[in-house]
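My notes from going through this one, in the order I looked things up.

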Amino acid sequence: MQVLVETRALHKRFGDIHAVRGVDLKVHRGEVLGFLGPNGAGKTTTMRMVTGFLEPTQGTAWVDGVNVALDPLRAKTRMGYLPEGAPCYPDMRVEEFLGFIARARGYRGPELRSRVEHAITAVNLTLVRRQTFETLSKGYRRRTGIAQSLLHDPPVLIMDEPTDGLDPNQKFEVRQLIRRLGKDRAVILSTHLLEEVEAVCTRAVIINRGTVVFDGTPAEMDAKAPAGLKANRLDHVFRQLTTGDLPAGPA
Ligand SMILES: Nc1ncnc2c1ncn2[C@@H]1O[C@H](COP(=O)(O)OP(=O)(O)O)[C@@H](O)[C@H]1O
Ligand SMILES: [Mg+2]
């Protein structure tokens with residue numbers, strides 16, 4: 001399996017705060033990796049280092065074989081990034097925004113237009129393409145953010161809490177979209193929703209206080225819960241690994 005994202009011994013310090021403490025990850029084509037952890041665990045910081053928006057204090061990240069620190073521009077051609085929250089230019093129409101990003105990515109003329117059309121179709125934005133951002137629902141804003149991350153058809157997608165703030169229907173749609181996109185790409189999505197892991201992820205990595213405390217399939221995560229526990233099994237394992245105040249289940 002082709003490795004599309006790799007990090008080795010990634011660290012980030014903000015003054016006295018050691019936010020990321022030696023994160024090693026390998027994500028392959030076809031994987032949707034759920035990056036889990038409580039608030040403040042270091043998910044966003046890690047993702048920003050992988051995308052090249054934040055320089056690691058120590059360690060290295062590669063995207064599709066490109067060293068992000070040494071060649072950030074080339075690395076950015078290999079990945080799409082959906083930052084936390086939504087991109088926001090309140091007065092811009094959806095299609096204008098996508099055209100603007102496509103231009104920034106270096107596309108011009110017919111190529112630019114076909115990239116924008118393709119992204120609009122891929123995430124179902126046709127109905128709202130002429131609406132301005134400020135008039136869109138959260139779900140459509142998020143989808144516009146996803147469309148922007150797909151314009152250059154990158155093999156790697158990094159999404160920071162892509163379903164945060166969406167209603168259950170919108171969550172369902174965005175998760176379906178991510179599952180589809182993940183089939184022939186490598187996707188890293190951060191979340192603190194355990195249901196998201198079962199719904200879309202092929203693999204879960206849990207980070208706590210900057211350190212990876214679990215890396216495995218959702219089934220392997222489930223297997224760490226006590227045998228007799230009927231509901232919220234992943235929540236139980238998550239709490240056990242990130243607070244340490246629950247008894248471990250039988251092996
Ligand atoms: N720019 C920054 N300056 C100082 N501290 C930061 C900065 N960004 C993040 N942090 C701190 O780093 C830790 C990890 O934050 P973050 O990566 O945003 O966590 P998560 O995304 O898992 O909620 C937190 O303690 C946060 O306060
Ligand atoms: Mg975050």
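**Entry 1: the ligand shell**

I checked who supplies the shell around ligand 1, and α1 gives the largest share, three residues. For the notebook: helices (H or I, at least four residues) and strands (E, at least two) are DSSP runs, numbered from the N terminus. This is a predicted model, where local features need pLDDT of at least 70 and side-chain atom pairs count only at pLDDT 80 or more, while totals for chains, interfaces and linings use all residues. Residues are numbered from 1 along each chain as its sequence is written, and chains are lettered from A and ligands numbered from 1 in the order in which they are written.

Which residues surround ligand 1? I listed Phe14, Ile17, Ala19, Gly37, Asn39, Gly40, Ala41, Gly42, Lys43, Thr44 and Thr45. A residue counts as near a molecule or strand if its C-beta atom, placed from the backbone, lies within 6 Å of it. β2 and α1 each put at least two residues into this shell. Sorted by class, the shell has four nonpolar, six polar and one charged residues. The classes I used: Ala, Val, Leu, Ile, Met, Phe, Trp, Tyr, Cys and Pro are nonpolar, Asp, Glu, Lys and Arg are charged, and the others, Gly among them, are polar.

**Entry 2: the four-stranded sheet**

Next I traced an open sheet of four strands, in the order β2-β1-β4-β5 with antiparallel pairing. β2 (17–28) and β5 (66–67) sit at the edges with a single partner strand each, so one side of each has no neighbour in the sheet. Two strands pair if DSSP finds at least two bridges between them.

I went through the pairs from there. β1 and β4 run antiparallel and are joined by five bridges; histidine 11 has glutamine 58 in β4 as its bridge partner. β4 (residues 58–63) and β5 are also antiparallel, joined by two bridges. Across that pair I found valine 63 opposite valine 66 and tryptophan 62 opposite asparagine 67. The β4–β5 hairpin has two residues between the strands, and aspartate 64 takes a positive phi near 50° there.

**Entry 3: the six-stranded sheet**

Then I turned to an open sheet of six strands, ordered β6-β7-β8-β3-β9-β10, with mixed pairing. The edge strands are β6 (79–82) and β10, each with a single partner strand, so one side of each is left without a neighbour in the sheet. Direction ignored, neighbouring strands here are turned by 15° against each other on average.

What does β3 pair with in the parallel sense? On one count, β3 (residues 32–36) pairs that way with β9 (residues 203–208) over four bridges, and leucine 33 has arginine 203 as its bridge partner in β9. β3 also pairs in the parallel sense with β8 (residues 186–191), over five bridges, with phenylalanine 35 opposite serine 190.

β9 and β10 (residues 211–216) pair in the antiparallel sense over five bridges, and isoleucine 206 has phenylalanine 214 as its bridge partner. They form a hairpin with two residues between them, where arginine 209 in the turn has a positive phi of about 45°.

**Entry 4: helices on the sheets**

Back to α1 (residues 43–51), which lies across β1 (3–14), β2 and β4, at about 120° to β1. α1 also lies across β3, β6, β7 (156–160), β8 and β9, at about 150° to β7. I looked at α6 too: α6 lies across β3, β7 and β8, at about 150° to β8. The axes are lines fitted to C-alpha atoms, for helices over the stretch in contact, with angles from 0 to 180 degrees between N-to-C directions. Contact means C-beta atoms, placed from the backbone, within 7 Å.

**Entry 5: domains and the whole chain**

I noted domain 1 (1–78 + 155–251) and domain 2 (87–153); the bounds come from an automatic or database domain assignment. Their centres, taken over C-alpha atoms, are 26 Å apart. Nine residues from domain 1 and eight residues from domain 2 make up the contact. On the domain 1 side, α6 (residues 168–182) gives the most, four residues. That side has five nonpolar, three polar and one charged residues.

Key. Contact = placed C-beta atoms within 7 Å.
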